[in-house]
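This report walks through a protein model with DNA. Look over the sequence and the structure, then read on.

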Amino acid sequence: MGASKPLSDADPRSTSPVPGGIAARAVAGLRAQGPNYLSGLNPEQREAVETLDGPLLVLAGAGTGKTRVLTTRIAHILALGRARPFEILAVTFTNKAAREMRERVGQLLGHAAEGMEWLGTFHSIGARMLRRHAELAGLKPSFTILDTDDQIRLIKQALAAENIDDKRWPARQLAFAIDGWKNRALSPKDVPAGEAQAYANGRGAELYTLYQTRLKQLNAVDFGDLLLEPIQIFRENPDVLAQYHRRFRYMLVDEYQDTNVAQYLWLRLLAQGSKNLACVGDDDQSIYGWRGAEVENILKFDRDFPGAKVVRLERNYRSTGHILNAASFLIAKNEGRLGKTLRPQTELGEKVTVAGSWDSGEEARAIGDEIEALQSRGHRLDDMAILVRASFQMREFEERFITLGLPYRVVGGPRFYERAEIRDAMAYLRVVASPADALAFERIVNVPKRGLGDATVKQIIERARADEVTLPEASRRLVAEGALAAKARSALKDLVLSFDRWSAEMDRIPHVELAEKVLEESGYTDMWSKDRTAEAQGRLENLKELVRSMEPFENLRGFLEHVSLVMDVDGARGEDAVTVMTLHAAKGLEFDTVFLPGWEEGLFPHQRSLDENGRAGLEEERRLAYVGVTRARRRAKIWFASNRRVHGMWQSSIPSRFLDELPEADVEVLEAPVTFGAGHMGGSYGPSRFDRAEPFASTYSTPGWKRAQERGFDRGATPSPGPGARRSGPMTIEGELVASSTAKAAGFAEGARVFHQKFGTGTVVEVEGNKLTVAFDRAGQKRVLDGFVKAA
DNA sequence: CTCCAGCACGACTAA
DNA sequence: CGTGCTGGAG
């Protein structure tokens with residue numbers, strides 16, 4: 001690599017590929033005037049943008065203009081004519097980041113960044129490459145991309161075929177292991193013996209091989225393969241790799257600290273061409289260790305890419321002083337870091353606030369109130385966000401915001417495409433688009449119920465395997481031969497004919513219309529319309545949303561590709577709304593006001609991180625806290641609750657250790673608005689508690705609150721309540737308590753129509769204190785507590 | 001052979 | 001709390 005002499009771009013002629021050529025003169029011209037897109041950059045940023053040749057690492061602290069550098073750099077390359085849009089490889093981790101980059105390059109150039117076909121996520125670019133050279137990997141270009149769910153079902157099948165007890169060796173565990181191997185670019189033969197030993201008595205590697213074979217048979221890949229297969233192809237086909245070397249004149253990577261071994265290898269292979277690889281990252285924001293990210297990659301960048309230039313961005317333009325100081329002080333507790341000193345560029349502003357609440361419900365109420373207060377003072381909801389550690393925390397906020405009528409949007413919550421109804425609908429569409437998609441066919445062959453159970457499906461699969469045909473084709477043959485029971489045969493015949501009809505229509509009618517037709521004619525929407533459970537309505541809404549989301553796409557195939565790679569729905573509609581999302585999803589974003597609830601030991605830092613990764617896990621959690629605080633421009637508001645329901649059980653919790661790691665001078669501790677009950681460990685649950693709860697009877701009447709109180713009482717009786725110690729017996733205490741505190745608020749009479757979250761609507765048959773016997777229209781007669789039903 | 005209810009068990013973060 | 005498997009009824 002001695003050939004790559006360090007090039008100074010002070011002299012434009014030396015950086016030009018063709019000395020004295022058009023580009024060089026253009027550079028000189030631009031340099032003279034200074035193109036306006038460069039004018040707002042500080043010296044470090046400008047250096048990062050203008051250092052075009054050779055490897056470059058930009059260490060960009062939070063809020064130091066990282067995205068700006070990346071996008072300006074692209075604009076610069078294009079403006080100088082160094083490369084055409086399709087000769088730039090620009091990789092991000094999330095679709096959001098890719099989208100943003102595309103938009104901002106467009107803004108800089110004054111027109112859409114058309115033609116940047118290699119701007120995207122690692123996975124989408126990997127998929128694109130793999131489709132081009134699918135044959136080299138033993139696949140057809142139409143291969144399907146399996147998500148985690150499909151993956152696990154496939155592994156289950158493999159385990160069953162090998163007679164491995166999936167109770168003892170859960171499929172998830174193997175899926176997790178395979179994922180890990182793929183993240184480290186290990187093919188079955190490369191798996192270290194020790195690790196392969198760990199699963200199913202040493203059959204790990206064998207099962208991995210089997211899984212890969214099944215994938216190929218299904219013409220499918222998983223997420224890991226989207227990178228691994230191209231790496232394999234590049235290694236085995238130098239001519240293919242050479243094509244990409246010629247193609248990519250410049251390469252940019254966002255969030256380099258999050259790359260795993262496979263991504264690193266992929267990049268290194270590609271960067272052997274032009275060597276113009278620019279990586280941007282921040283070791284303090286490395287929060288994806290659990291999916292294989294190797295902070296090492298960023299730490300040893302200059303060794304991996306000799307002659308690399310390193311630029312540090314340390315001027316923070318985002319946050320006010322107190323916020324930045326608090327974040328810096330916190331992250332300084334980490335040991336394994338390159339070390340950067342972020343410098344605030346503005347006033348100290350407001351201190352970071354820390355407040356406690358009795359339980360998670362109160363936390364949600366208090367934050368909701370504060371949001372409304374801010375809103376009434378003229379703050380936009382768009383400028384506020386609630387960042388949670390785990391997505392289960394979101395629900396409470398959603399519920400609260402619904403009652404308040406506060407518009408909110410959830411980013412990456414209970415994920416849209418993971419909902420059963422969406423997956424079913426998608427499976428239908430997948431089979432229509434490619435009848436060979438066996439997993440999809442299996443999923444919906446008996447949804448809605450058609451009388452095609454396991455036995456029938458098994459026959460179809462066996463036949464398909466014997467004849468080496470698709471499942472629909474095997475079904476067709478079985479039907480034609482008059483096999484199967486008469487009932488199953490006619491149901492199957494109808495289904496196969498329907499698929500034939502839909503497939504034939506695929507290119508004739510608009511895909512949105514086709515989707516509606518498929519869902520309608522298959523009886524799928526009907527199935528939910530007839531369903532009287534509470535969720536059914538929401539599911540139908542989701543299906544409508546799915547169909548609506550297909551509109552922007554050219555055709556069905558385009559849509560399906562999008563969904564398999566972009567597992568999120570664009571929720572960014574115009575309305576002013578509070579954002580609720582996980583800390584992981586928040587990386588790269590910023591808001592004026594950031595609420596950080598749930599800073600409790602066990603949740604944040606998350607127990608599992610500590611258990612599984614010890615100190616490294618703690619450090620990653622701390623980086624996550626750092627990411628959270630640094631999302632805030634003007635206000636960071638941290639909360640913790642004394643009681644939180646985890647896995648359906650109320651547990652008391654202690655404040656996060658991170659709170660004590662914040663600097664006193666930059667933090668203001670708020671009096672909790674309502675602190676009664678907290679720390680009430682004594683067994684004296686006398687009338688005094690009731691008296692205090694009484695005034696709140698109307699507000700504190702949610703089931704959760706009741707159980708919070710019940711839990712408090714319970715703790716008095718049993719000092720260390722183990723989880724599971726109370727499987728089904730809390731009714732008496734809860735019952736009495738609830739009866740007194742909600743007697744006036746609730747009070748259902750016999751014959752009243754009520755609605756229950758789980759059982760739907762029904763009629764009250766009997767009232768006994770707060771216990772109701774309700775005949776539900778669908779779910780039958782049940783005894784429920786009145787707190788769980790609303791008047792219908 | 002299919003369907004459904006009841007029960008056990010596992011639950012953070014992502015493309 | 002939700003899903004996924006098992007066993008028994010139809």
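Which helices each supply at least two residues of the surface near DNA strand B? Two are named here: helix H9, residues 171-183, and helix H22, residues 454-467. H22 gives the most, with 3 residues. Bear in mind that this is a predicted model.

**The surface near the DNA**

In total, 28 residues surround DNA strand B. The closest are Arg389, Ser391, Gly453, Thr456 and His584. By class, this surface has 8 nonpolar, 12 polar and 8 charged residues.

Individual contacts show both kinds of partner.

| Protein residue | Protein atom | Atom of DNA strand B | Distance |
|---|---|---|---|
| Arg389 | polar side-chain atom | base oxygen | 2.7 Å |
| Arg608 | side-chain N or O atom | phosphate oxygen | 3.1 Å |
| Asp454 | polar backbone atom | phosphate oxygen | 3.5 Å |

Asp454 reaches a phosphate oxygen through its backbone, while Arg608 uses its side chain.

**A bent helix**

Helix H30 covers residues 607-629. How far does helix H30 span between its end C-alpha atoms? The value is only 20 Å. A straight helix of 23 residues would span 33 Å, at 1.5 Å a residue. H30 also bends, by about 140° at Asn613.

**Aromatic pairs**

Next come the rings. A search of the whole structure finds 24 aromatic pairs. One of them joins Tyr428 and Phe499. This pair is stacked, with 5.9 Å from centre to centre and 25° between the planes. The pair links distant parts of the chain. Tyr428 sits in helix H20, residues 420-433. Phe499 sits in helix H24, residues 486-505.

Why does the pair count as stacked? Its planes are 25° apart, and planes under 30 degrees apart count as stacked.

Is Tyr428 buried or exposed? Tyr428 is buried, with a relative accessible area of 0%. Phe499 has 4% relative accessibility, so it counts as buried.

The pair also belongs to a cluster. Ring pairs link Tyr428, Phe441, Phe499, Trp502, Tyr524 and Trp528.

Notes: Residues are numbered from 1 along each chain as its sequence is written. Chains are lettered from A and ligands numbered from 1 in the order in which they are written. This is a predicted model: local features need pLDDT of at least 70, side-chain atom pairs count only at pLDDT 80 or more; totals for chains, interfaces and linings use all residues. Side-chain values use heavy atoms; hydrogens and water are left out. A residue is near a molecule or strand if one of its heavy atoms lies within 4 Å of it. A polar contact is a pair of N or O atoms within 3.5 Å; within protein, one must be able to donate a hydrogen and the other to accept it, and residues adjacent in sequence count only if both atoms are side-chain atoms. Helices (H or I, at least four residues) and strands (E, at least two) are DSSP runs, numbered from the N terminus. Ala, Val, Leu, Ile, Met, Phe, Trp, Tyr, Cys and Pro count as nonpolar, Asp, Glu, Lys and Arg as charged, and the others, Gly among them, as polar. The expected span of a helix is 1.5 Å times one less than its number of residues. The bend at a residue is the angle between axes fitted to the seven residues ending there and the seven starting there. Rings of Phe, Tyr and Trp (its six-membered ring) pair if their centres lie within 6.5 Å; planes under 30 degrees apart count as stacked, over 60 as edge-to-face and the rest as tilted. Buried means under 20% relative accessible area, exposed over 50%, partly exposed in between (1.4 Å probe, protein chains only).
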